[in-house]
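Take a moment with the sequence and the model before reading on. The paragraphs below walk through the fold step by step.

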Amino acid sequence: LLVAGGVGAALGIIFSKDTTADAAKSSGADAGADADAGDDASTTDIPASDNTEGTTIDPFPIAEETPITPEEYVKEDVALEILKKVLPTYTDSAQSDALDFILNDDEFVYDWDGLASTPIDTDAQLHFIQRYTAATIYISTDGEDWDNDEGWMGRMNVCTWYGVGCDETGRVTSLSLSDNNLNGPFPADLNVLGNVHTIELHKNRLSGELPSSLYEMNQLKVLYLDDNELEGEISDEIGQMIMLEKLTLNDN
């Protein structure tokens, strides 16, 4: 279904002898023995055409731009289909930028065949969702200005990125980015990381209201959000977070 990898062959120009043109040239030479020598010299390197009068053949034609093949659209279709199923919404620019990063700039090798299979390969989906969510967090909170963004948006597994903790199966279980100059709205897609039990984002500049999707994180035990710029009221939906043991919201 999918084609991956770069084109490894170099392009070259192959010149072959045109026997038809040679024969025509020989015939023309016999018929035009009286022709001026200067005329012969001016036309020697250009083969004659039997069909189109006055046509000049360019020995070095400029290759036309290769059209985008249908296969190049497959990855985006597959990615969007997955995101529609797992995300609360897909509307903001950070989400769009994160998807663009994954499709065009990310050096991580995704299992697109597994993502496109039926049923979908669970490991392939795990890697895709975790990297997409992490990319959204990075972009929406001005990741390039973080105090420490070691590993983020790089080719290695997200479990090696600064502040990301994982279990033995490679599932993200914690996000510890406190006092790291995160600036922007609280990431709405965090709930997609269903195995996370600890979020430490205190002492940053997170702003706006907490998204309703946060209250769906029923595995969360620790949520530190103090010393930010958050506002609004805490929804009654927080009662869904049945595992929550520690919550800090002061100094917002």
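What follows goes from the overall layout to the strands, then to single residues and the surface.

This is a predicted model. The protein chain holds six helices and eight strands. Their order along the sequence is α-α-α-α-α-α-β-β-β-β-β-β-β-β. The protein chain has 252 residues, and 33% of them count as buried.

Begin with strand β2, residues 172-176. Is β2 enclosed or open to the outside? Four of its five residues are buried, so the rest of the structure largely encloses β2. Strand β2 pairs with strand β1, residues 164-166. These two run antiparallel and share three bridges. Val-164 has Leu-175 of β2 as its bridge partner. Strand β2 also pairs with β4, residues 198-200. Here the sense is parallel, again with three bridges. Leu-175 turns up in this pairing too, opposite Ile-199 in β4.

Now look at the turn of the hairpin. Five residues lie between β1 and β2. Gly-170, in this hairpin, takes a positive phi near 90 degrees. Leu-126 belongs to helix α6, which covers residues 122-140. With a relative accessible area of 15%, Leu-126 is buried, because the cut-off for buried is under 20%.

Next comes a sheet of three strands. This sheet is open, its order is β3-β5-β7, and its pairing is parallel. Strands β3 (183-185) and β7 (229-230) stand at the edges. Each has a single partner strand, so one side of each is left without a neighbour in the sheet. Strand β3 meets β5, residues 205-208, through three bridges. Gly-184 finds its bridge partner in β5 at Leu-206.

Some loops hold backbone details to check. A cis peptide bond links Thr-118 to Pro-119, with omega about 0 degrees. Pro-119 sits in the loop between α5 (112-116) and α6.

Asp-179 is in the loop between β2 and β3. Its phi is near 50 degrees, a positive value in a residue other than glycine. Is Asp-179 buried or exposed? Its relative accessible area is 52%, so Asp-179 counts as exposed, the cut-off being over 50%.

Asp-227 lies in the loop between β6 (222-224) and β7. Phi of Asp-227 is also positive, near 60 degrees, and this residue is not a glycine. Asp-227 has a relative accessible area of 36% and is partly exposed.

Which residues form the negative surface patch? They are Glu-76, Asp-77, Glu-81, Asp-97, Asp-100 and Asp-105. Helices α3 (71-86) and α4 (93-104) each supply at least two residues of this patch. The largest share comes from α3, with three residues. Glu-76 is found in α3.

Notes
Residues numbered from 1 in each chain as written. Predicted model: local features only at pLDDT ≥ 70, side-chain atom pairs only at ≥ 80, totals over all residues. Heavy atoms only, no water. Patch = residues over 30% accessible without salt bridge, like charges linked within 9 Å, V, L, I, M, F, W, Y side chains within 5 Å. Areas by Shrake-Rupley, 256 points an atom, 1.4 Å probe, with all protein chains shown as cover. Salt bridge = Lys/Arg side-chain N within 4 Å of Asp/Glu carboxyl O. Lys, Arg positive; Asp, Glu negative; His and termini not counted. Charge placed at Lys NZ, Arg CZ, Asp CG, Glu CD. Buried < 20%, exposed > 50% of the residue type's maximum accessible area, 1.4 Å probe, protein only. Pairing = 2+ DSSP bridges.
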